[in-house]
Amino acid sequence: MDLVHLLVLNMIKTKLSDIPKVDLNNNLDVPCDFNGAVCSIYFYVYYYRDPKNDEIVYVGKGTNYRAWTHLNESSNKRLNNMIKARQAEGHVIRPVITEFFNTDIEALEIEKKLIAKLGREDLGKGLLFNLDDGGTEGLASGRKIEFRGEMYGSVQALCRHYKVQESTFRGRINLRWSMEEALGLEERKNLHGSVEIVVDDKTWPSITSFAEEIGASPQQVKYFLSEDVLPKELIGRDFSKRLGTEIFVDNRRFS
């Protein structure tokens, strides 16, 4: 290979460090890497592009690591050949996640619509390597979730094991907590060591600042959080009305 070809090859290469991890609300519709905290509890629809012409060539639905399994060995021969060829040419290929879904039914419906819109090559309707119309469960579509070396049959089973409500766990993951934090195994802290409170797009640097804004005491907020009450459920609550007198000792409430 001469110097000119080497320069061209270096220009088209994408650095691994340039590939972001997919998140629930960020890095969608761009080539991305696996994010276990999000991909393990949601279903998603993904696609692959041919980096030579930027055309979408394959659409799929999955959960966990499914979208990235094609990088090792895809059961779709044409997709597998394309990935291997582009990797040999110096391209770094990653799947593109379009959207996350709470149920597989929602994901399957979008997968089917996207395949119909883009068209299968084998039917002369488009460029997709897909050999079926989508919308049905594939052999690799699992719902198991791995955490700390243990495999759980579902997100519900994981939450049940750690005695955390599934809705609480999902809410925390949506706020970009780690799985350890979402399961209550680690305390959520900011860079200053205080517990950070996040509700939608607003962040409080500590429980104290959050308590001040909602008209509660830090002890009250700590109590409700320990009872798996989400911070957003405390906003708007009237803390001045109580049945009897409440006493807090070591973050425990007595009334």
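Predicted model: local features only at pLDDT ≥ 70, side-chain atom pairs only at ≥ 80, totals over all residues.

Author: Helix α9, residues 207–214, packs against helix α10, residues 218–226, at an angle of about 105°, and their axes are 8 Å apart. Angles of 65 to 115 degrees count as roughly perpendicular, so α9 is roughly perpendicular to α10. On the α9 side, the contact is made by I207, T208, F210, A211 and I214, while α10 brings P218, V221, K222 and L225.

In general, nonpolar side chains tend to be buried together in soluble globular proteins. The largest nonpolar core here has 36 residues, and Y48, W68, I97, F100 and F169 are those with the most contacts inside it. Helix α6, residues 155–161, supplies the largest share of this core, with four residues. Apart from that core lies another, of 15 residues, and I214 is among them, along with V199, L234 and F239. I214 is also one of the α9 residues that touch α10.

I97 deserves a look of its own. Setting aside its neighbours within four places in sequence, I97 is in contact with V22, L28, D29, V30, C32, Y44, V45, Y46, A67 and W68.

Now for the charged side chains. The structure holds 13 salt bridges. In one of them the side chains of R94 and D33 meet at 2.5 Å, N to O. R94 sits in the loop between α4 (77–88) and β3 (96–101) and D33 in the loop between α1 (3–12) and α2 (36–39), so this pair ties together parts that are 61 residues apart in sequence. Both R94 and D33 are buried.

Another salt bridge joins the side chains of R86 and D50, at 2.7 Å, N to O. This pair also links distant parts of the chain, with R86 in helix α4 and D50 in strand β1 (residues 43–50), 36 residues apart. R86 and D50 are both buried.

A local pairing is that of K113 with E109, whose side chains meet in a salt bridge at 3.3 Å, N to O. Both lie in helix α5 (residues 104–118), four residues apart, about one turn of the helix. E109 has a relative accessible area of 42%, so it is partly exposed. Finally, salt bridges that share partners join D50, K52, R86 and E89 into one network.

Definitions and conventions
Residues numbered from 1 in each chain as written. Heavy atoms only, no water. Axes fitted to C-alpha atoms, helices over the stretch in contact; angles between N-to-C directions. Helix = DSSP H or I, 4+ residues; strand = E, 2+ residues; numbered from the N terminus. Parallel < 35°, antiparallel > 145°, perpendicular 65-115°, else oblique. Contact = heavy atoms within 4.5 Å. Core = buried A, V, L, I, M, F, W, Y, C linked by side-chain atoms within 4.5 Å. Buried < 20%, exposed > 50% of the residue type's maximum accessible area, 1.4 Å probe, protein only. Salt bridge = Lys/Arg side-chain N within 4 Å of Asp/Glu carboxyl O.
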